[in-house]
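Work through the two exercises below with the model open, and compare each step with the solution that follows it.

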Amino acid sequence: MATTIYRIIKNALSHLVRQRLLFGATLVVMVMTLFAFGSLIVGNHVLTSALDSIQNKIDISVYFKTTTPEDQILAMQQTLEQMSEVKNVQYISKDQALQNFEQQHANDPTISQALTELGSNPLSASLNIKANNPNNYQDIANYLNSTSVNSMIENVSYNQNQLVIQRLAAILNISREAGIILTIVLALAATLIAFNTLLIGIYSNREEVEIMRLVGASNAFIRGPYVIEGVIYGIIAALISLAILAPVIYFTSPYMQVFIPGFDLWGYFTADLFLLFIYEAAFGSVIGIISSMIALRRYLKK
Amino acid sequence: MIAFQDVYKKYSGHDALVDVSFRISPKEFVSLVGRSGAGKSTVIKMLIGEERPTSGRITFGKYDVVKLQPKELPQLRRHIGTIFQDFRLLPTKTAYENVSFALEVAGQPEKEIETLVPEVLDLVGLSDKANNFMNELSGGEKQRVAIARAMVNRPEVVVADEPTGNLDPFNTMEIINLLKKINELGTTIILATHNKDIVNHLARRVITMENGRIIRDEENGRYSLA
């Protein structure tokens, strides 16, 4: 058994080395496929992060009447937090609101002066609500507009921004779906190209397969080297494609940070590099193995 | 050792073999002669299980060839050395590797391979070309590599399908002499050919085929299609 495996690996390696042209041509296609595959994984991450970051900016604020007691507001916060649509609720007290307001207008003497003259805090306490899904804001707004709680509320920001939020939610949904579809289509196209290249490579060796059968080689002995070759293509192509992807990501990472604040693409890439390699190598190997199985099935049937 | 019993093979539209029956005993040297399309190659393909008859029975030693499952065919083929007009050598392997490949697939240990292959290459006179690839060898040399490969496993039978079809008269005689030598060492030889001189020179058993039928089967036969 060990001898057979040794011979299969030896045959695979010498076959690759002696068919350098075919090996090189196939490898180039595999590298391009895996580069596309890796870019799709990274691109998907970028898109998701960008969409998440936009989604995070959406919220509704509920401003309470100045007469509403704090314990009622906190009770409402609890009720809201228990709703399945709600991701989190942030309470901003009257004092906190004033502090934020003063900070924002610290450089504007007229406003600070007006506040001092007023003597009391004119701002309302509020709750900032973020939903799990932008489509849920309508349900949350419906609850807030219901008569049971409406009496405490001065104003719900959703009522003014409804249209913008709904449009943004629709755009986010479409973008996510488009991202998934595009990924699938491109991955499929890349897979088929790699697949065909490998099939043609094995097809060009069909006479060899015939000869091996004639001298009494078992199917496993014939198929083995092609399977090993598939795995070798997968591993080498994964390494090369990541080596090409790395500088691309390194140089684009700072630009990404401008678009998506706090997003570190290079950090993501380096942290997940090993996983990415495993994905790519596995993807390449599986293509190699399946194509060799399919191509040889025809010749090994007899 | 080898027996064809009422073997019949129909390809789409025409009969390739009709009622073919013969027996071949161990250590025989049998020539299978006939025009192109007479059915010589079909007989050989059936013996090594590359084609199945439409009806009839083929046995080789303990093997009932027609009933063998595809995965059992490699076992059968390791008992039969094959030589073809177009050599059928692996182009990405050297002469040495082409010969050793037949031993590798049979699971022979490396040590035995290292002793056997040089011996056989020496026997066919190619010791100095062991490391050459197929595109670096002449037609006669290629056929000698094929013979080395066919006999290295010490098979009971060597079948040769027009082995000299692509060779000049000088190389033709070399190949035939090698086959005779292998036969003298105890291996059965089945030689399909339409070379009259070879058959008459051999003066051994001749099975003559025409239109898929055996029309003559003579000990010490001569080439005659009339």
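The radius of gyration is taken over C-alpha atoms, and the globule rule is 2.2 Å times the number of residues to the power 0.38. This is a predicted model, in which local features need pLDDT of at least 70 and side-chain atom pairs count only at pLDDT 80 or more, while totals for chains, interfaces and linings use all residues. Residues are numbered from 1 along each chain as its sequence is written, chains are lettered from A and ligands numbered from 1 in the order in which they are written, and side-chain values use heavy atoms, without hydrogens and water.

**Exercise 1.** Determine how the radius of gyration of chain B agrees with that of a compact globule.

Step 1: for 226 residues, a compact globule would have a radius of gyration near 17 Å. Step 2: chain B has 17 Å, which agrees. Step 3: along the principal axes, the C-alpha atoms of chain B fill a box of roughly 45 × 40 × 30 Å.

**Exercise 2.** Describe the contact between domain 1 and domain 2 of chain B.

Step 1: by an automatic or database domain assignment, chain B is divided into domain 1 (1–79 + 155–226) and domain 2 (90–153). Step 2: the contact (heavy atoms within 4.5 Å) takes 11 residues from domain 1 of chain B and 12 residues from domain 2 of chain B. Step 3: the buried area (accessible area, 1.4 Å probe, that two parts lose on being put together, summed over both) is about 1,100 Å², with 71% given by carbon and sulfur atoms. Step 4: B:Arg78, B:Pro155 and B:Leu178 lose the most area on the domain 1 side, together 42% of what that side buries.
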